[in-house]
Amino acid sequence: MSTVPVSFASLFRCALVAALLALGACGDNDNTAIVPDSSGSSGKMSLTGSGGGGDRSSPDYRLGPNDRTRIIVYGQPNLTGEFVLDGSGNLAFPLIGNVPANGMTPTELQRAIATKLDPDYLHNPSVSVEVASRRPFYVVGEVQKPGSYPYVTDMTVLNAIATAGGQTYRANMGRFYIKRQVDGQVVRVVGSQESRLQPGDTVVVRERYF
């Protein structure tokens with residue numbers, strides 16, 4: 001039986017294709033669950049999580065780590081000021097100590113503070129809670145300046161990348177992952193350039209292989 005000669009160029013092309021396929025298959029070692037982007041134009045997912053969507057002044061906004069709140073206890077200047085939730089979502093408040101505020105709305109937090117103050121420290125206190133600034137979002141991967149940035153209402157993935165100095169020449173600009181906390185667990189949302197972000201989201205800009 002005769003042997004068909006194979007050129008070096010053909011072998012090289014086959015080897016290159018095989019290497020790219022293998023790289024694409026093993027390039028993502030993140031085992032975080034992947035979910036579709038169902039946020040639409042409203043900035044809210046169909047699942048309700050502590051990530052919280054919508055405007056920070058909304059009574060439905062869910063507080064999370066690194067949110068800055070403005071708390072007013074009427075007639076009590078020593079109990080009035082700005083307070084930041086720590087990395088676990090706890091808020092340290094004078095007299096009453098830590099309040100587990102993660103996942104609470106501003107209305108729920110003001111009720112919790114009033115309940116802890118009354119009756120041991122104040123009788124029937126009047127408490128108001130507003131969100132002074134929301135927790136930042138993060139951009140990692142193939143961008144010029146990875147890091148954390150202040151959240152702005154209606155921020156999209158493309159806006160986030162621009163804020164981080166723009167993409168590198170290796171960036172895959174066709175598909176993105178957005179890491180987000182939903183129902184108490186971190187998931188990866190499959191997003192596009194137009195996907196709306198939520199406070200605390202992490203935009204992952206991946207590398208393209210060819």
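Helices (H or I, at least four residues) and strands (E, at least two) are taken here as DSSP runs, numbered from the N terminus. On that basis, Thr32 sits in the loop that leads from helix H1 (8-26) to strand S1 (34-36). The model is a predicted one, so local features need pLDDT of at least 70 and side-chain atom pairs count only at pLDDT 80 or more, while totals for chains, interfaces and linings use all residues. Residues are numbered from 1 along each chain as its sequence is written, and side-chain values use heavy atoms, with hydrogens and water left out.

Thr32 is buried because its relative accessible area is 18%, the label buried meaning under 20%, exposed over 50% and partly exposed in between (1.4 Å probe, protein chains only). Setting aside neighbours within four places in sequence, Thr32 is in contact (heavy atoms within 4.5 Å) with Lys179, Val186, Val187 and Arg188. Arg188 turns up again over the face of Tyr177, at 4.3 Å from the ring centre. Arg206 also lies over the face of Tyr177, at 4.4 Å from the ring centre. For such a placement, NZ of Lys or CZ of Arg has to be within 6 Å of the ring centre and within 35 degrees of the ring normal.

Moving on to the sheets, strands count as paired if DSSP finds at least two bridges between them. An open sheet of three strands runs in the order S3-S2-S6, with antiparallel pairing. Its edges are strand S3 (81-84) and strand S6 (127-133), each pairing on one side only. Neighbouring strands in this sheet are turned by 30° against each other on average, direction ignored; axes are lines fitted to C-alpha atoms, for helices over the stretch in contact, and angles run from 0 to 180 degrees between N-to-C directions. Helix H2 (residues 106-117) packs on the sheet and touches S2 and S6, its direction making about 135° with that of S6. Strand S2 (residues 68-73) is joined to S3 by four bridges, and Ile71 has Gly81 as its bridge partner in S3.

What about the aromatic side chains? A search of the whole structure gives two aromatic pairs. In one of them, the rings of Phe83 and Phe93 have their centres 5.0 Å apart and their planes at 50°, so this pair is tilted. Rings of Phe, Tyr and Trp (its six-membered ring) pair if their centres lie within 6.5 Å, and planes under 30 degrees apart count as stacked, over 60 as edge-to-face and the rest as tilted. Both Phe83 and Phe93 are buried.

Phe93 also belongs to the largest nonpolar core, which has 22 residues; Ile71, Leu91, Phe93, Leu109, Ile113, Leu117 and Val127 touch the most other members. A nonpolar core is a set of buried Ala, Val, Leu, Ile, Met, Phe, Trp, Tyr and Cys residues joined through side-chain atoms within 4.5 Å. S2, S4, H2 and S6 each give two or more residues to this core, and H2 gives the most, with five. A second, separate core of 20 residues includes Val157, Ala164, Met173 and Val205.

Elsewhere, strand S7 (residues 137-141) runs antiparallel to strand S8 (residues 147-149), with three bridges joining them. Phe137 has Tyr149 as its bridge partner in S8, and the two strands form a hairpin with five residues between them. S7 is also joined to strand S11 (residues 202-205), this time in parallel and through four bridges, with Val140 opposite Val204.
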